[in-house]
Amino acid sequence: MHSMTFSQFTIPSIVWASPPPTTTTIPRCKSLQRLSPVSAVASSLIGPPPSRHHVTHSMPHEKLEVFKSLESWVSKNLLDFRKPIEKCWQPSEFLPDPSQGFDGFNEEVWALRQRVLGLPDEYFVMLVGNMLGEDSLPTYQTMINTWDGVRDETGSSSCPWAIWTRSWAAEENRHGDLLRTYIYLSGRVDMMMVDKTMQYTIRAGMDNGTENNPYMGFVYTSFQERATFLSHGNMARLAKEAGDPVLARICGTIAADEKRHENAYIKIVEKLLEVDPNTTMLAIENMMKKRIVMPQHLMYDGQDSNLFENYSAVSERLGVYTTRDYAEIVEFFITRWKLEKLEGLTGKARSAQDFVCKFPLTVRKLENRAKKVEPFRVKFSWIFNKEVSV
């Protein structure tokens, strides 16, 4: 890499290139205490990954040209998934309006608090966990900008890939803002502990195993957007059944955004399967073997070293996001991307195809295990002085 001198600083110039692959071992900083049976099952697929060798910049240098060549396709086919800002919903539309005066605002806050009285504590565990996932947006945008060939090289690049990522982040940013404010106004949670958990979680980052490789990265985002679509959609159903139509509308609206973003990422993988089926098939296999982790999988509140595992167990029990959902997502992508019908694959890619197409059967076995465990109770720091069944 050549460089240019500016004043007393030597600044490397930006080169459209991928560093050579490297491998490091990054251990999980988690306690070794044994998980409860239900936590172990729930986190076996949707919890944190085990310690592993981390490969970085695994995409071969020549594959950069694939993503460079797709820039015009991104402009024509991907950027249309953005919504014009003036037509986007905003968090303030769903919340008490402070501009109507003290009395009017207080009445709306009181009405909100009356609605949430019927919501079980477990629902607030889910709402806080989902909010932490949405509010960790700085981590996700940072992660995407580590992917070779599609990163935003300047922070405001005119590259279509970068424009998409910034647009996606701008839309996603509203989700955490809305959930956080609704949770805050509810008075049902310890916001000091929620805020600390948020800071711990962003500081921890995430470990999704994408190796700075956009082939793997876009498989991950496709899966993750569908998972969050299902999670928010199921919370909308639960909120409606519990008598809070406003919260149901909030969760349903967020779910609709996630669905639109899912469709965008699905389209990217479809295109990659068209232009480079062997590499894309291997990337899908790689991510399935590592397993797709939820973005907030390193959440920590300063107390519970198994916080995400316990959160996952509540999610499993309530049916918000489950091992069944995980299996159905894999099955959905096998069908949507026509993976069983791909032809002309090389030997390794054919083996990958066989593994991925049989993978849902493995997940179904874990689903059966999850049905057999008994619930237990644990205290979440977010919920005021109460234990929650998981």
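Modeller: Start with D354 and K358, whose side chains form a salt bridge at 3.4 Å, N to O. Keep in mind that this is a predicted model.

Colleague: How are D354 and K358 placed in helix 14?

Modeller: D354 and K358 are four residues apart in that helix, so about one helical turn separates them.

Colleague: And D354, what does its relative accessibility count as?

Modeller: Partly exposed, at 40%.

Colleague: Which residue does R364 pair with?

Modeller: R364 makes a salt bridge with E331, and their closest N and O atoms are 2.9 Å apart. R364 sits in helix 14 (residues 347-372) and E331 in helix 13 (residues 323-336), so this pair ties together parts that are 33 residues apart in sequence.

Colleague: How accessible are R364 and E331?

Modeller: R364 is partly exposed, with a relative accessible area of 24%. E331 is also partly exposed, at 30%.

Colleague: Switching to R151, what is its partner?

Modeller: E153, in a salt bridge with the closest N and O atoms 3.8 Å apart.

Colleague: Is R151 buried or exposed?

Modeller: R151 counts as buried because its relative accessibility is 15%, and buried means under 20%. E153 has 28% and counts as partly exposed.

Colleague: Which residues are linked in a network of salt bridges?

Modeller: E171, R174, D257 and R260 are linked that way.

Colleague: Last one, how many salt bridges are there in the whole structure?

Modeller: A search of the whole structure gives 24.

Methods: Residues numbered from 1 in each chain as written. Predicted model: local features only at pLDDT ≥ 70, side-chain atom pairs only at ≥ 80, totals over all residues. Heavy atoms only, no water. Salt bridge = Lys/Arg side-chain N within 4 Å of Asp/Glu carboxyl O. Buried < 20%, exposed > 50% of the residue type's maximum accessible area, 1.4 Å probe, protein only. Helix = DSSP H or I, 4+ residues; strand = E, 2+ residues; numbered from the N terminus.
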